[in-house]
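Colleague: I'm new to this one. Could you walk me through it, a question at a time?

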Amino acid sequence: MNGNVILVVLIIIGLIGRSHIITTASCILLVVKLVSLDRYLPGIERRGLELGLLFLTMGVLVPFASEKITWKEVSTVFTSWPGILALAGGAIATYMNGKGLELLKIDPQIIVGLVIGSIFGIVFMRGIPVGPLMAAGITALLLKIFSYLFERFG
């Protein structure tokens, strides 16, 4: 019952914050629980992120499929500062995701803070959740910075 109450609270937060993603996700999970389909929750947990990333990636790749991006535009990625910085940004983000995965393996209970922080980011900062790995990667970076500062100056 506690999970149902939390989901209802998340629905209310999503409605107040005008976050359709939080509201819809919470509603779907509440329905899954209320119609006794709890046995599917581990599968949703295990594969939900993958499916979400699949659809996110498909959405990003649509311009290639619809031929809105040409080979000339692809070549500018390697010859312009914004393109080179985008390559660096993609590489750094992927590296950070790996560090986030390591952190989640070492300290799995940190997911609670990541989820609540993501909800705050969605509701109050109008952010878009792209997954716990990047949030965990940023957390891993912040933990390194804070541990360095406290060791150095503490």
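Modeller: What covers the buried residues of α2 includes α1 (2-16), α3 (41-65) and α6 (111-125). Keep in mind that this is a predicted model, where local features need pLDDT of at least 70, side-chain atom pairs count only at pLDDT 80 or more, and totals for chains, interfaces and linings use all residues. Residues are numbered from 1 along each chain as its sequence is written, and side-chain values use heavy atoms, with hydrogens and water left out.

Colleague: Which residues of α2 are buried?

Modeller: Buried means under 20% relative accessible area, exposed over 50%, and partly exposed in between, with a 1.4 Å probe and protein chains only. By that rule, the buried residues in α2 are I22, T23, S26, L30 and V32.

Colleague: How far apart are the end C-alpha atoms of α2?

Modeller: Helix α2 covers residues 20-34, so 15 residues. The expected span of a helix is 1.5 Å times one less than its number of residues, which gives 21 Å here. The model agrees, as the end C-alpha atoms are 21 Å apart.

Colleague: How do α5 and α7 lie relative to each other?

Modeller: The axes of α5 (residues 81-106) and α7 come within 7 Å and cross at roughly 80 degrees. Angles from 65 to 115 degrees count as roughly perpendicular. So α5 is roughly perpendicular to α7.

Colleague: How many residues of the contact of α5 with α7 are nonpolar?

Modeller: Contact means heavy atoms within 4.5 Å. Residues making this one include A93 and L103 of α5 and L133 and T139 of α7. Of the contact residues, 1 is charged, 4 are polar and 12 are nonpolar.

Colleague: Which residue's backbone oxygen lies 2.8 Å from a polar atom of the T139 side chain?

Modeller: T139 is in helix α7 (residues 132-153). Leaving out residues up to four places away in sequence, T139 touches L103, I110 and L114. The backbone oxygen 2.8 Å from a polar atom of its side chain belongs to A135.

Methods
Helices (H or I, at least four residues) and strands (E, at least two) are DSSP runs, numbered from the N terminus. A polar contact is a pair of N or O atoms within 3.5 Å; within protein, one must be able to donate a hydrogen and the other to accept it, and residues adjacent in sequence count only if both atoms are side-chain atoms. Axes are lines fitted to C-alpha atoms, for helices over the stretch in contact, and angles run from 0 to 180 degrees between N-to-C directions. Angles under 35 degrees count as roughly parallel, over 145 as roughly antiparallel, 65 to 115 as roughly perpendicular and the rest as oblique. Ala, Val, Leu, Ile, Met, Phe, Trp, Tyr, Cys and Pro count as nonpolar, Asp, Glu, Lys and Arg as charged, and the others, Gly among them, as polar.
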